[in-house]
Amino acid sequence: MGPELLSQIREGGILYVILLVAVCMHEFGHAYAADKLGDKLPRLDGRVTLNPAAHMDMLGTVILPLVTIFLSMGTGFPLVFGWGKPVRVFLDNPKTRVKVDIISTAGGLAMNLVVAAASALAAGVLFALSALLSSGGGMLSEFADVAVLSMQINCMLFIINMIPVPPLDGSRFLKYALGMSEATYESLARYGIIIFLVLINIPAFSQILRFLVGWLAFMFSYLAHFSAWVCGLICGG
């Protein structure tokens, strides 16, 4: 096994761990938001937890991410993505059903932004420390690169999940915006993954996604620069 192949396996493994954390934090965000709104089902299902095992789905969190990571290294496949086990909510109160559904849906999206922000801040601190240290700086720089990748992956998941195609989160917002019935939504959801795979393989659509992900990551990079500046002031002073 050559050094180049070992390097690709190592990079793929790091990417998979980052994606796993991002996906599981996304699902935790759904469960946490619903739990705070008084919906008991996520807690009964054991989903209000940071334990990745509670949120993993064999197809969406294991098989598909590993396949897309492999394809991205070998064939230039446009996206590395995955999903977790859907968080169930009761939605049994007609007066609060829409509110709980929308806020719990937004909770997963918000969690990816929180993780992206934390990753950006960590990247800035690690880059600053690596520049200040004469020894051990190289390792810190590698950790900083991992933090940057985490920021980018969480930005990517946020943008992808905003696509209004079931079962992606954006479709829940579209459902209420159009007044779509549950039966119509479920009927559309049967073909959601096919529609999604077709869309991301359309060059124009893929370019738009990449632009949006890049723009969002660029916004978070300001946090990285800020934390690096603060770290430099503290450690340098």
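Predicted model: local features only at pLDDT ≥ 70, side-chain atom pairs only at ≥ 80, totals over all residues.
Q: Start with α4 and α6. At what angle do the axes cross?
A: Helix α4 (residues 97-132) and helix α6 (residues 169-178) cross at roughly 155°, and their axes come within 9 Å. Helices here are DSSP runs (H or I, at least four residues; strands are E, at least two), numbered from the N terminus. The axes are lines fitted to C-alpha atoms, for helices over the stretch in contact, with angles from 0 to 180 degrees between N-to-C directions.

Q: Parallel or antiparallel, then?
A: That angle makes α4 roughly antiparallel to α6. The classes are roughly parallel under 35 degrees, roughly antiparallel over 145, roughly perpendicular from 65 to 115, and oblique for the rest.

Q: Left-handed or right-handed crossing?
A: The crossing of α4 and α6 is left-handed. In a left-handed crossing the near helix is turned anticlockwise from the far one by less than a right angle; clockwise is right-handed.

Q: Which residues in α4 and α6 meet?
A: On the α4 side they are Val98, Asp101, Ile102, Thr105, Ala106 and Leu109; α6 brings Asp169, Arg172, Phe173 and Tyr176. Contact means heavy atoms within 4.5 Å. The residues of this contact divide into six nonpolar, one polar and three charged. Nonpolar covers Ala, Val, Leu, Ile, Met, Phe, Trp, Tyr, Cys and Pro, charged covers Asp, Glu, Lys and Arg, and the others, Gly among them, are polar.

Q: Which residues of α6 are buried?
A: Asp169, Gly170, Ser171, Arg172 and Lys175 are the buried residues of α6. Buried means under 20% relative accessible area, exposed over 50%, and partly exposed in between (1.4 Å probe, protein chains only).

Q: What does the side chain of aspartate 169 make a polar contact with?
A: The partner is the side chain of histidine 26, at 2.8 Å. A polar contact is a pair of N or O atoms within 3.5 Å; within protein, one must be able to donate a hydrogen and the other to accept it, and residues adjacent in sequence count only if both atoms are side-chain atoms.

Q: Where does histidine 26 lie, and what does it touch?
A: Histidine 26 lies in helix α1 (residues 3-36) and counts as buried, at 4% relative accessibility. Not counting residues up to four places away in sequence, histidine 26 touches Gly108, Leu109, Met111, Asn112, Asn161 and Asp169.

Q: Now threonine 61. Buried or exposed?
A: Threonine 61, in helix α3, is buried at 2% relative accessibility.

Q: Which residues does threonine 61 touch?
A: Beyond four places in sequence, they are Tyr16, Leu20, Val23, His55, Met56, Trp83 and Gly84. A polar atom of the threonine 61 side chain lies 2.7 Å from the backbone oxygen of tryptophan 83.

Q: What about alanine 128 and its contacts?
A: Alanine 128 is in helix α4 and is buried, with a relative accessible area of 10%. Leaving aside neighbours within four places in sequence, alanine 128 is in contact with Ala228, Cys231 and Gly232.

Q: Last one: where is leucine 91 found?
A: Leucine 91 is in the loop between α3 (58-74) and α4, and counts as buried at 19% relative accessibility. Its contacts, leaving aside neighbours within four places, are Asp39, Arg97, Val100 and Asp101.

Methods. Residues numbered from 1 in each chain as written. Heavy atoms only, no water.
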